[in-house]
Amino acid sequence: MASKSTTPSARNRTLIVVESPSKAKTINKYLGDNYTVYASIGHIKDLPKKEIGIDFDNHYEPRYEIIAGKEKVVRQMKKLAGEADRVLIATDPDREGEAIAWHISNEIEFAEKPVFRVLFNEITKNAIIEAIGHPRQIDYNLVRSQQTRQGLDKIVGYRISPFLWNVVYRGLSAGRVQSVALRLICEREAEIDAFTPQEYWTISGDFVTPGKETFRAKLVKISGEKPEITNSEQAEKIANAIQGRLFGVSDIVPKVIQRRQPLPFTTSLLQQAASNQLGFGSQKTMRVAQQLYEGIELGPEGATGLITYMRTDSTRISGEAVGQAREYITRQFGEEYIGPGSPGKAGKNSQDAHEAIRPTTVTRTPESLKKHLSADQFKLYELIWKRFMASMMAPAKIEQTRVDVEDHEKEFVFRATGNRTLFPGFFRVYDDQQELDYEAQKSTRDEVEKEQIVKLPERLSLSDALSLLELDRRQSFTRPAARYSEASLVKELDNYGIGRPSTYASIFSTLQERRYVELQKKKIIPTELGKDVSTILVANFPELFNVKFTAQMEDELDKVAQGDDDYEKVLDAFYRPLEAALSSRKADPVIPQNRDAVLCEKCGTGHMIVKWTTSGKFLGCSDYPKCKNIKSIATTKVKPKETGIACPTCGEGHMLLRNGRLGPFLACSNYPKCNTLLNLNKQRHIEPIKAPPIKTDLACPKCGSPMYLRSGKRGPWLGCSTFPKCRGRLSWNAIEKEAREHWESVMHDHLAAHPVITIRMSDGTPVPMTLPIEDIIMKAEEAGLISSQSGQETEVTA
C-alpha cells in the first residue's frame, strides 16, 4: 500500500499533493508503494490579511505570503518534493484548486523535479488511475482568472470599506458580489413594504353526477368574461344568481402531456433542492457534499468517494456513467424506462469544466449505504442519487382532462382539471412535484403554488346533468413579491450570471455574519443596518454595485480563464473608474438618509443629520462639535423571541433569542436573577456549554499575565487570561513534559467536576444542536411549545 507513516517519505516515489487529509486517506488505499500522498490542508499562500497586497505600480501584480500556521506544512512538502522522483498536484479541479497548485509548484520549484497537474473528478480507483495516466501542465490562464477574482474582491474591500467607515462607522465592509446580493434583497424588501394588497374572491361549486360522484369546479367565466370579484357583496350577488340553476357537462377535453425528466444537479440546483427539500443551508450542503466527494469509510471496502466533484455549472454526464445508469434502469424498471441519455448542453454562463454532480456508482443505492453514513450524508446522497437516476429515465406521461360545467342559460362556466398518470417514467424514483415546479419557474418573485387538481368522477360524459350541492365563496388578497430564501437567492444570482459554483455558499453567510441580513422562518430579511449600507453604496457607486456590471465582470473572468483577456487589463479597467468615483465621493458622499435634513433648532446653522453607531442610529447636528444637539430616532427593533428552550442553569426561565452589538445570542428570561447566555456560531447553531477555563501559573509570552487552560477539539490549549486585550497563546507542546502531565491531570479532574450539560427543550427533549436556531424555533412552534411569533415591535432608540 501507499505510505501511511506519521513521518512520510517520498524517496524513489511519486509525490501526490491533495488539499484535504480525508481525500489523501481515500486515495492512499488505491495506490501502491510507488506513491506518497500528502495533504496541503487547503491554501498554503494568500494575499496579506492586513493590507491589499496588490502592487498598483507594477502591473497589479499580487504579493503572496505563506499563511500563518502553514509553515510546517510547507516545510514537510518541500522535504517530500526533494525526495520524490516526480510530483503530481491533485488539488480540487477548479480555478481555486489551480491557483493552489500553482503556489505549491512555486514552493517546490527548488527541487527541480518534474511537476504535473492531475484532476480527480471523482475519488474512485478507476478515476484516479485514469487521471494519473493523463497529467498536464498547470493552466496559468485558470490561475490568472482566480487571481483576477481575488484582486477585484480585494480592491472593493480595501477601497470601499474605508468609505463606509467614514460615512457610517468603522468595521463595516463591502464586497463586490455580496453587496449586489444585498441590493437585490433590500430592493425586494422595499417592494414588499410598498405593496398594497387587493381583495378578491373566488367561487367554487361541488357538483354531483348521475352516478352520485362528487367533484369540485371553480367559476372561470361569467357571460364569457373572466370574473373579477372584489368584495363580499359581489360574491354574494353572484352566488345568489347561481343558486337554483340547472347544470350540465358542456365540454370534456383530454390531452396527454409529457413531464420531462429533471436535469442532474449543478452546484446551484443542488443547493436550491437541499434548501427546499432538506432544509440545509448552502454552506451545510457544500460541507456534506465535500465529505461524500472525498470519501466515506464503507467497512471492508475502505474509504470511497461516493459523488463526483460538487462545484460545477454543467449538466453534462460522461458516456460511461450514462451506460451504467441505463443498465441499472433496465434491470430495475425495464427498458421502457430508459431516457434519452445525457441531458446535453451547459447553460449560457457555464464553464462546463466538469460533469454534473452524480453518484460515482449507481449500484451504491442510498439504502445500501445508510449504515455507513451520518443522517445528513444519507439525506444528501439520497437526493443526488435519485436526481441523477431520474435525469437518465424516460419522461412521465400524464393524461390531463379539463371538464367544463355550464348552467342551462349558458351564463356561468365552472371548470375542473384532473390528472391521470399513464406512464410514471422518472416519477418512479423522483416525484417531488413542488421542487420540479419551483425549478421550472424562472421568476423568484412568486411562491410556488400547486395548480388545483381534483379527482374527477370515473364516469363522466358530455351533457350529463349535474346537481349543484354547495357553493364555496372564498376571500383572498393579492400578495407581494416573495422574500428571498437561501434557495431563491442562489437561483436569482444564477439567473443573472452573478457568482460561480465556488462562491454561492459564502454569499448569504457573509451577509449574515456582517449583520446585514437575518433569516426568519427561512426567509432573508435585511436589517436596518443592511438597508442603510445598501442605500449608501448604491447612491455613491451605482455603476459598481449593479447586477449588469457584476455579471459582465464574471464574463471577463471567464475570458481570462480561456486566455481571451488579460489580468492587468481587466483590473485596470475596474480600478481606474473606481478610484475616480472614490476621489469625488470622499469629500462629498451622497447620503440619501440626509436629503431632507431639517435645520438644527439649537444652533440654527447646522442640520440634523443621521449618524450611526454600533448600537443604532440617531440625529445629530452637522456642526458637531460646535453644536452637540442630538435626537433619538424611532426604529423598528426586533423583540426577544421565544425559543422553547429551557434554561440549562436555573431551570425556571426559558431562553430568549436576542440581538446584541456582536450579533444574536440566547439569554435566560429570568435575567438579572439568572444571567445564563448561550452563543450561536456562524451557522447559527447553539454552541455547547463549555467548562470554565482553568487559571494556571504559566505566564503569557506577550504580557506576562497568567494563562488560561481550556479543552478544545484538538486537545488542551493555553490562551491569555486578559483576552481580548491580549491575544497571547502558548503552544501546548512548548511547555515541559512534567508541567503538561500536571495540567492534564488538573484538566481531567476539572472536566469531571464540570460534566457536559445537555440543553433541553421545555418538554424535556434534547435540543437538536445541529439545526440553526430559526429551525429550532419553527419546530418548537409546530410542537406547540411556543405560539407563533410576529417578531417585531417599535422601540425608540437613541
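**Helices, sheets and turns in a predicted model**

Start with two helices. Helix H8 (residues 267-278) packs against helix H14 (residues 486-496) at an angle of about 160 degrees, and their axes lie 8 Å apart. Helices here are DSSP runs of H or I with at least four residues, strands are runs of E with at least two, and both are numbered from the N terminus. Axes are lines fitted to C-alpha atoms, for helices over the stretch in contact, and angles run from 0 to 180 degrees between N-to-C directions. H8 and H14 are therefore roughly antiparallel to each other. The cut-offs are these: under 35 degrees is roughly parallel, over 145 is roughly antiparallel, 65 to 115 is roughly perpendicular, and the rest is oblique.

A word on the source. This is a predicted model, in which local features need pLDDT of at least 70 and side-chain atom pairs count only at pLDDT 80 or more, while totals for chains, interfaces and linings use all residues. Residues are numbered from 1 along each chain as its sequence is written, and side-chain values use heavy atoms, with hydrogens and water left out.

Back to the pair. H8 passes H14 in a left-handed crossing. A crossing is left-handed if the near helix is turned anticlockwise from the far one by less than a right angle, and right-handed if clockwise. Which residues meet? From H8 come Ser268, Gln271, Gln272, Ser275 and Asn276; from H14 come Glu486, Ala487, Val490, Lys491 and Asp494. Contact means heavy atoms within 4.5 Å. By class, the contact of H8 with H14 has two nonpolar, five polar and three charged residues. Ala, Val, Leu, Ile, Met, Phe, Trp, Tyr, Cys and Pro count as nonpolar, Asp, Glu, Lys and Arg as charged, and the others, Gly among them, as polar.

H14 also meets helix H15 (residues 504-513). Their axes come within 10 Å and cross at roughly 120 degrees. That makes H14 oblique to H15. H14 passes H15 in a right-handed crossing. Glu486, Val490, Leu493 and Asp494 of H14 make the contact with Tyr504, Ile507 and Phe508 of H15. The residues of this contact divide into five nonpolar, no polar and two charged.

Now turn to the strands. Six of them close into a barrel, in the order S9-S10-S15-S14-S11-S16, with antiparallel pairing. Two strands pair if DSSP finds at least two bridges between them. From one strand to the next, the twist averages 35 degrees. Strand S10 (residues 214-222) and strand S15 (residues 412-423) run antiparallel, joined by four bridges. The bridge partner of isoleucine 222 in S15 is phenylalanine 412. Helix H7 (residues 232-242) packs on this sheet. H7 touches strand S9 (199-208), S10, strand S11 (247-259), S15 and strand S16 (465-477), and its direction makes about 20 degrees with that of S9.

Further along is a hairpin. Strands S17 and S18 form this hairpin, with two residues between them. Lysine 521 in the turn has a positive phi of about 50 degrees. Four bridges join S17 (residues 517-520) to S18 (residues 523-526), and the two run antiparallel. Glutamate 518 stands opposite isoleucine 525 in S18. Where do the S17 side chains go? Val517 and Leu519 point one way, Glu518 and Gln520 the other way, and all are buried. Buried means under 20% relative accessible area, exposed over 50%, and partly exposed in between (1.4 Å probe, protein chains only).

Next comes an open sheet of four strands. The order is S22-S23-S24-S25, with antiparallel pairing. Strand S22 (641-646) and strand S25 (677-679) are the edge strands, each pairing on one side only. S22 and strand S23 (residues 654-660) are joined by three bridges. Alanine 646 has histidine 654 in S23 as its bridge partner. Helix H20 (residues 773-782) lies across S22, S23 and strand S24 (663-668), at about 80 degrees to S22.

Last, look at the loops. The peptide bond from tyrosine 671 to proline 672 is cis, with omega near 5 degrees. Proline 672 sits in the loop between S24 and S25. Another cis peptide bond joins phenylalanine 723 and proline 724, with omega about 10 degrees. Isoleucine 41 is not a glycine, yet it has a positive phi of about 55 degrees. Isoleucine 41 counts as partly exposed, at 48% relative accessibility.
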